[in-house]
Amino acid sequence: MTIVIELPATLRPYASGESRVALDGEDSFGGALDALVTRHPRLRKRLLTSSGAIYDFVGVFVNDRRLDRDDMPDRALSDGDVVSFVPAMAGG
Amino acid sequence: MDGSAPPTMPELTQDETRRYGRQLVLSQIGPDGQRRLKGARVLVVGSGGLGSPVLLYLAAAGIGHLGIVDFDIVDMSNLHRQVLFTDADVDRSKTESAAERLRAQNPHLSFAVHEARIDADNAAGLVSGHDVVVDGTDNFAARYVINDACVRAGVPNVSASILRFEAQVSVFDPARGGPCYRCVFPAPPPAGLAPSCAEAGVVGVLPGIAGTLQANEVIKLVCGIGTPLAGRLLTFDALDARFRTFEVARDRGCVACGDAADPARPLGLNPEAAPATCHAAAIPEMTVEALSRSLAEGTAPLLVDVRGEAERGIAAIPGCTAMPLDTIEIAADALPTGRTILCICHKGGRSITAARTLRELGFDDVASLAGGVDAWAARIDPSVARY
């Protein structure tokens, strides 16, 4: 199975410019997240606190629906699922 | 607002009927909708990039009363996106300049100017008495303060934010079932993880796109038409010309709007995640003399020339890696970690920006060459051209 992680433009510089990262064989959100930051280590500091939790300012969506923090990292993923990260911005 | 109980619906004058004719013929708006717009009181916080189009379009649409909150003065660097203002407004109060422009645009409206920085002490008073609030501010502290005041007053918050080529827009309206800003983003980012537009840049048309979307949501809310952008977070990527819509729901455990939220409790910001001030530690600078010595001693840092090809062709310090500033975020992958990186440009300005970008990318040991190639030519190697 393959899932896709979508990165907004603000995070792409930390992932070698990639906007979509395809991951094979990951069937949980936690596993996919580990695989993502292993492939792109500089994303770790942008997404995860020192304890390894997703920052509160980063919204996580699976197939465009928000993933509750209580459901991380065990949330199961299915083939073709798209995980999106949307960090808060404050510019006006 | 749900459109069923507008605060007032004043009659339209003949002049107003002529002015708003193209809107009046829309069945979804019509005379009743236009009267609702005339009776509406909307508070716009921030009259900058987002506030400019919001105010211009809401004034043009006939929102009867507009409150404008800003503490800033107009700077020349605002003009590429803050289309309310002209060169003549530079160094003038934004609120006064905005009100003057808007009065000229539509004399049928009333305006209240609040020359203040919104904060936890004044937010409730500013929000009070308004039907809709528009958040066009440029910092997280203000966004949480506006959210909390709107939640407690039961007023919809039409929110947008922008950075570089990306925008986010939503309507936070928990009084009618949707989430609030804290439901979606419970805490602001730690310092340094969220650069401001001043640091990261913003393309000028982006607040125009996001701000007009905000104005559209205000009109929908006031008139009670369409489907508000509540419960949805709209994102726009200007480079890909791509809109996305993400579903967001109210968090029943939210400290602001959740089931156990205490209206009397000050909320503030999560102390573990201080608001991003975007004033990161200063970038160290190296003099050209120190660079010359380190080159002679074989201890020089990695030299990265952040100018474009044309400038490098005019004058350069030998041994530099070329990495133009506009591509450095991507190209930085090729840089080694564990070695000091010295950014070099013409006169030492862009190199500080480049060094700051590299630091954001996780390169901790970065510096900038003070005075750049020009200082090198003037003080170290006269054979290098000055331009």
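The radius of gyration used here is taken over C-alpha atoms, and the globule rule against which it is set is 2.2 Å times the number of residues to the power 0.38. In the predicted model described here, chain A has a radius of gyration of 12 Å, which agrees with the value near 12 Å that a compact globule of 92 residues would have. The C-alpha atoms of chain A, taken along the principal axes, fill a box of roughly 40 × 30 × 25 Å. Buried residues account for 36% of the 92 residues in chain A.

The secondary structure of chain A consists of two helices and five strands, and from the N terminus on these elements follow the order β-β-α-α-β-β-β. Of the contacts in chain A between residues at least 6 apart in sequence, 54% join residues that are at least 24 apart.

In the loop between strand E3 (58-62) and E4 of chain A lies Asn63(A), whose phi is near 50°, a positive value in a residue other than glycine. Asp64(A) is likewise found in the loop between E3 and E4 of chain A, and its phi, near 70°, is again positive in a residue other than glycine. Asn63(A) counts as partly exposed because it has 14 C-beta neighbours inside 10 Å, a number that lies between the limit of 12 or fewer for exposed residues and that of 20 or more for buried ones. Asp64(A), with 14 C-beta neighbours inside 10 Å, therefore also counts as partly exposed. In the loop between strand E4 (65-66) and strand E5 (82-87) of chain A is Pro73(A), and the peptide bond that leads from Met72(A) to Pro73(A) is cis, with omega near -5°.

The interface between the two chains brings 44 residues of chain B into contact with 25 residues of chain A. On the side of chain B that touches chain A, two or more residues each are given by helix H7 (140-153), strand E5 (157-163), strand E6 (166-172), strand E7 (232-237), strand E8 (242-247) and helix H13 (328-331) of chain B. By class, this side of chain B has 23 nonpolar, 13 polar and eight charged residues.

For chain B, the domain assignment gives domain 1 (14-247) and domain 2 (285-379), and the centres of these domains of chain B, taken over C-alpha atoms, are separated by 41 Å. The axes of helix H3 (residues 30-39) and helix H10 (residues 206-223) of chain B come within 9 Å and cross at roughly 110°. Because angles of 65 to 115 degrees count as roughly perpendicular, H3(B) and H10(B) are described as roughly perpendicular to each other. At this crossing, Gly33(B), Arg36(B) and Leu37(B) in H3(B) meet Ile219(B), Val222(B) and Cys223(B) in H10(B), and the contact of H3(B) with H10(B) comprises, by class, four nonpolar, one polar and one charged residues.

A further helix of chain B, H15 (residues 372-379), has as its buried residues Gly372(B), Val373(B), Trp376(B) and Ala377(B). The cover over these buried residues of H15(B) includes helix H11 (288-297), strand E12 (341-344), helix H14 (350-360) and strand E13 (366-369) of chain B.

Definitions and conventions: Residues numbered from 1 in each chain as written. Chains lettered and ligands numbered in written order. Predicted model: local features only at pLDDT ≥ 70, side-chain atom pairs only at ≥ 80, totals over all residues. Helix = DSSP H or I, 4+ residues; strand = E, 2+ residues; numbered from the N terminus. Contact = placed C-beta atoms within 7 Å. Domains from an automatic or database assignment. Nonpolar A, V, L, I, M, F, W, Y, C, P; charged D, E, K, R; others polar. Axes fitted to C-alpha atoms, helices over the stretch in contact; angles between N-to-C directions. Parallel < 35°, antiparallel > 145°, perpendicular 65-115°, else oblique.
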